[in-house]
Amino acid sequence: MGSALGALRNALRSLTAHELGGPLVALALLVAVSSALSPKFLEPYNQRILLLQTAPLALLALGESMVILMGSIDLSPGSTMALAGTVSAAVFTIYGLPLHAALAVGVLVGIAVGAVNGLLVTKARIPSFVATLASLVAGRGLVLVVTEGRPIVGLSPYRVFTGDVAGLPLMVWIFVAFGALNYAVLRKTSIGLLTYAIGGNEEAVRYSGVRVDVVKLINFSIAGGYYAIAGLMMNARLEVAYPWTGWGYELDAIASCVLGGIMLSGGVGSPLGPVLGAYMLTLLTNVLILLGVNPYLQWVVKGFVLVAAAVALTRGVRYAK
Amino acid sequence: MSSGVVLRTRGIVKEFPGVVALKGVDFELKRAEIHAIVGQNGAGKSTFVKILSGVYTPTRGEIYVGERRARIRNVRDAKRLGITLVHQEATLAPNLSIAENMALAVYGMRGVILGRLRKAELLDLAKRHLERVKLRTDPRTKLGDLGVGERQLVQVARALAENADVICLDEPTSPLTTAEVGVLFEVMEELRKEGRSMIFITHRVEEVFRIADRVTVLRDGIKVFTSPVSETSPSEVVKHMLGRELDEFYPRRKIAEERTPAPPRLRVVSLTTASEGKGVDLRDVSFDLYPGEVLGVVGLLGSGKTELGKALVGMQRVVSGEIYVDGRRVRIESPADALRLGILYIPEDRRQEGLVLQLTVSDNVILPSVYRASALRLFRRTRYERSVAEKWIESLRIVPPRPDFKTSNLSGGNQQKVVLAKSLEAGVRVLVLDEPTFGIDVGAKVEIRRLIAGLADQGYSVVLLTSDVDEALTLSDRILVLVSGRVAGVLDNRGLSRERIIGMLGGRSG
């Protein structure tokens, strides 16, 4: 009995010691509780919707994690995704660009916004919080200028994203692919090592003779590209580009990172964490809807979960040491 | 019990994750005694007084105050027993006045909440205690406006206001000038006359013989020696501190009698910098550095050593002056520019500026050369990185010999070796080392010094920034003495005497 308990404790310890341990335990708990509360939860139809809803948020979270891992913060995901989505929609419907070109334009817009963020942080030496807050505001302004405040309709060709490939919507495969790509970037490339190193100790990296600013510029740009893809996904799902798409999503992106075990202080967290976090955050909304919980109350519940995640994260880290 | 024991410990053990800081310390403090505790960095001195004053709780062991067993679980417990600590770094609020700081210590939140503190009373209290430590400063002065020495004395005054019987002073003299040390000692002597007891931590042996009644030496968490000061000698104390003779402690590098003529690898001409109030400004600093040479730069706190090191890698604003590498004029605006020229600065503060502690040994070693080590500058080659790390682990004897070991769990000496490894792997030719042996244990100091000597013999050029005169004397070919940002002299280290350097540091020309 005692040894069984000891074995359990050891298993738990090695799990919490792993970067992804906390998030995985949380995910297992959430799935268990959800399927117990609502029989509909595990039905394939519901899971399909859930994954479809997760896709854009997962991309936002991946981008955000590239920035947070460096010890910075990005408040622009919501506005960037909207700007990329609406510009792409505009060139597609108004200028009649072919779909693939319109998609490329969207991604480039995202990268450009990210690069501007990166330049503001590195060249103008503005703290990332302020620089990206400016992008959040100005980006949304640009969206309203582009759309004149009206939704852009006629995006049915974007539907290829929601169409099935091998049993799941293409969108889901895209987010899985980008999750894998992000893992490879962070774990297998020089930029990945430098990302973690800058988040861990920026001064040490600078004194090592590495151009920290270049890495920051690259990461902010990659993040912008990820946000743009999320914006294009929204176009596909809604078949309309709304000017208020992604309003407040920066907070969901940050929350996904926290739920996924990415430390806001930088340098700590698994590359796969943000995807798990995005899935959990979406799952939470999904279950609360299935249960018919007052939609306003859902925000409160999300808030509590976030606090719980943050507490678990800091405690977990302490045990791991 | 006028001459009795006021405080006694038995078998104090303190374990931190990964290290045992104290391994069973027995200690006693008599009434009206100044008991010095000395030891190298990491010997456990600070940990010991932090346990007595309730900052840490011991893992095992007993503390007796007077005759009674005492349980000290926090700072409040300690204060109730009359034990207080004057911290190494002043733990006072710089934005509040002296009087407010003292009130916080004496009354805590009670006074604030009950609104008992009347301003006039407060000022009066502060003034009374300030006089006892010979400070004539207005108690309304903000603490941040005081000098380091004055702040230290305010801490002592605060301890008096708490009416502490046992005052632990954790390296109070290290930031002080000679005159300030004199004042502090006068105050301590007066407190001794009043019958108060003091534990006085220092790493300057000469201070022990100036002020203390008894001395205890800690080494690696063990009490190795206790004696009345009158019955021992400085050399005996030092021997116990080091665990070996002084000569073994400073491996002497053989300096060539005749330097083979070669053009300087690095030439600095009239370097003048502006630190914008965040440090020392360098004025007209010039020197040459030859291949295979160690240039010792000796200076005290505030001499501009660190600023000089940072200026060489573009981390200080250079107002005027020129830097030449291999005879070519260069512009260095960042450490990346410097590294391209083969110059790397290794900061004094390894944990803050040297290493990324969350990362492994292997990741840290490869960090400066990660682009070069990766295929197409992008794709990391794990096996190659591992072999690089293993190569350095072996040649610098990094312990434990594991590339995947987290650097935060390494000892200070091994951390310093990892920093050296990453610099050498980056292909440097000029190493600027800022206090490379500061804050690491004795054995590791010797090892690092041997490594530095070896580097010069292999043809590397080393700028050794140090405040340890003996370190500079035993390792350098030439010694540059830096005083307040100016070069007081560049001396050939053949037949150079220690006294000459110390004289120059004190402002007297050699």
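User: How are H4(A) and H10(A) oriented to each other?

Analyst: Think of an axis as a line fitted to C-alpha atoms, for helices over the stretch in contact, with angles from 0 to 180 degrees between N-to-C directions. Under 35 degrees is roughly parallel, over 145 roughly antiparallel, 65 to 115 roughly perpendicular, and the rest oblique. In this predicted model, the axes of H4 (residues 77–93) and H10 (residues 249–259) of chain A come within 6 Å and cross at roughly 120°. H4(A) and H10(A) are therefore oblique.

User: Which residues in H4(A) and H10(A) meet?

Analyst: Contact means C-beta atoms, placed from the backbone, within 7 Å. Pro77(A), Gly78(A) and Met81(A) of H4(A) meet Tyr249(A), Glu250(A) and Ala253(A) of H10(A). By class, that's 4 nonpolar, 1 polar and 1 charged residues; nonpolar covers Ala, Val, Leu, Ile, Met, Phe, Trp, Tyr, Cys and Pro, charged covers Asp, Glu, Lys and Arg, and the others, Gly among them, are polar.

User: How many helices and strands does chain A have?

Analyst: DSSP runs define them: helices are H or I, at least four residues, and strands are E, at least two, numbered from the N terminus. Chain A has 12 helices and 2 strands.

User: What share of chain A is buried?

Analyst: Buried means 20 or more other C-beta atoms within 10 Å of a residue's own. Here that's 50% of the 321 residues.

User: How do the numbering and cut-offs work?

Analyst: Residues count from 1 along each chain as written, while chains are lettered from A and ligands numbered from 1 in written order. Local features need pLDDT of at least 70 and side-chain atom pairs 80 or more, but totals for chains, interfaces and linings use all residues.

Terms used:
Contact = placed C-beta atoms within 7 Å. Buried ≥ 20, exposed ≤ 12 C-beta atoms within 10 Å, placed from the backbone.
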